[in-house]
Amino acid sequence: MKIKQIYTSSYFGILFAAIYGLAVRIFVDNSHFKEDNDVFTITFFLITPIIISIIPIIFSKEIRQSTIKSFFFPFLSIFLFYILAFVTKLEDTLCLLILGIPYLLITGTVALLVNYFLKKQDKNNKLFSLLLLPLITLPIENSVPDKSENYKVSFSIIIDKTPQEIFPNLIEVPRLSNTDYQEGFFQLIGIPRPIESKLYNDGYNSYRIGSFTDGLELYEIITQNKKNEFVNFKIDLSKSKLRNKPTDKHILKGDYFKFQNINYTLTPLSNNQTNVELSCDYIISSKMNFYANLWAKNIILDFEKRLLKGIKTNLEKN
């Protein structure tokens, strides 16, 4: 096959688009425009999938002449990019899922629009300049300050025990078996579940180590403690044991998401019942706070529900 034939091949465009997406991912992660090198950028979430969608179309006249191919072939580029990012460990399952919504929504729409304008054209050299767009948009984007917003997620449950019986089990969460803690979708895609918490004192602060599956350990300082009524924790990530995975690197180690307070509030009810509320305050600093919080809110709420239900099951069976 001649070089020109390879260059204009439909499959070459798919491969090139996937490799291009990987290159942008590496560029964003290793750029020096921003200290934390956060990949949660408009460049990576919006501009990059647009370019990936366009590349197969501008490479191949065969694709432009087929509405079906012009719609579906860019999706092949996206899926191949996902595979490459996963295999190279630049992304894990949760990261790819977060990317999936904007990437897949953008891909089909952009592909059809571009194909409409280019269907009868053979020369598309001007569009190749779009490949350089991230080099321009990323430094511009990072020169604009992120917007910081405070959020709060709470969940409560009624436990058939008194506050005196429940409170010690919130300070030191007992070991939760697979029967106590019912895993869900987020655990299936790699988010660790809590196992237990142990209380310690270093002479200055009372703190606990929250142990999770997959080796994650969070160092939580007790900042307020009103026995049998209220307790507040602050997570110190510098003393925590994090995993060497993209999710921990982007979310826990990055600057765009920060835990503020995690607290339990106990309200006694009649008949030896207690309402237990678990709340989490956090800050998101990015240019895509709405989308970031869509994931943060649902992940944290899922965690709170499953943890409280696990504690309830553990306490009420004894």
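Asn228 counts as buried, with a relative accessibility of 17%, where buried means under 20% relative accessible area, exposed over 50% and partly exposed in between, using a 1.4 Å probe and protein chains only. This is a predicted model, in which local features need pLDDT of at least 70 and side-chain atom pairs count only at pLDDT 80 or more, while totals for chains, interfaces and linings use all residues. Residues are numbered from 1 along each chain as its sequence is written, and side-chain values use heavy atoms, with hydrogens and water left out.

**Strands S4 and S5**

- Asn228 sits in the loop that runs between strand S4 (217-226) and strand S5 (230-235), strands being DSSP runs of E with at least two residues and helices runs of H or I with at least four, numbered from the N terminus.
- Leaving aside neighbours within four places in sequence, Asn228 is in contact (heavy atoms within 4.5 Å) with Pro163, Gln164, Phe167 and Leu266.
- Ile235 belongs to strand S5 and is buried, at 16% relative accessible area.
- The C-alpha atoms of Ile235 and Phe259 are separated by 6.8 Å, although these residues are 24 apart along the chain.

**Helix H3**

- Of the 18 residues of H3, 15 are buried, so the helix is largely enclosed by the rest of the structure.
- A kink of about 35° lies at Thr48 in H3, shortly before the proline Pro49, the bend being the angle between axes fitted to the seven residues ending at a residue and the seven starting there.
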